[in-house]
Amino acid sequence: MADEELEAIRRQRMTELQAKHGDPSSDQQGQQEAKQREMEMRNSILAQVLDQSARARLSNLALVKPDKAKSVENYLIQMARFGQLGGKITEAGLIEILEKVSQQTEKKTTVKFNRRRVMDSDDEDDD
């Protein structure tokens with residue numbers, strides 16, 4: 001009986017190892033399926049949260065600036081999960097959210113000049 005149990009454990013361990021380190025194409029296919037499920041879930045949440053015109057504006061934004069559209073989508077999904085949205089967001093509401101995200105992600109550049117002091121005549125007094 002101990003031999004049968006040991007053999008069963010060995011077979012189970014072999015299947016686990018084969019599944020873990022087995023065929024890389026099946027692993028890649030699993031990752032693609034997971035991405036597909038995630039995209040479907042995101043789209044369903046956004047469809048529930050946004051009305052048709054806001055959804056069209058967000059898809060247009062995704063064509064031009066995909067990183068900004070992704071951050072807005074993440075923001076909307078987070079608000080929806082925490083119940084902070086009262087209803088469907090209209091196009092005007094989406095524009096306000098876009099402005100808010102733009103202000104948060106806006107990069108302010110400053111330029112500072114460091115001048116070299118080579119052969120500066122003010123340093124020497126020639127009386």
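I started with α3 and α5, which pack at an angle of about 40° with their axes 8 Å apart. Helices here are DSSP runs (H or I, at least four residues), numbered from the N terminus. Axes are lines fitted to C-alpha atoms over the stretch in contact, and angles run from 0 to 180 degrees between N-to-C directions.

Next I noted who makes the contact (heavy atoms within 4.5 Å). From α3 come Ser53, Ala54, Arg57, Leu58 and Leu61, and from α5 come Glu91, Leu94, Ile95 and Leu98. By class, that gives six nonpolar, one polar and two charged residues.

A note on the source: this is a predicted model, where local features need pLDDT of at least 70, side-chain atom pairs count only at pLDDT 80 or more, and totals for chains, interfaces and linings use all residues. Residues are numbered from 1 along each chain as its sequence is written, and side-chain values use heavy atoms, with hydrogens and water left out.

Then I looked up valine 72. Skipping residues up to four places away in sequence, I found that valine 72 touches Leu58, Leu94, Ile97, Leu98 and Val101.

Is glutamate 73 buried or exposed? I put it down as buried because its relative accessibility is 16%; the cut-offs are under 20% for buried and over 50% for exposed, with a 1.4 Å probe and protein chains only. Beyond its neighbours within four places in sequence, glutamate 73 contacts Arg42, Leu46 and Leu58.

Note on methods
Helices (H or I, at least four residues) and strands (E, at least two) are DSSP runs, numbered from the N terminus. Ala, Val, Leu, Ile, Met, Phe, Trp, Tyr, Cys and Pro count as nonpolar, Asp, Glu, Lys and Arg as charged, and the others, Gly among them, as polar.
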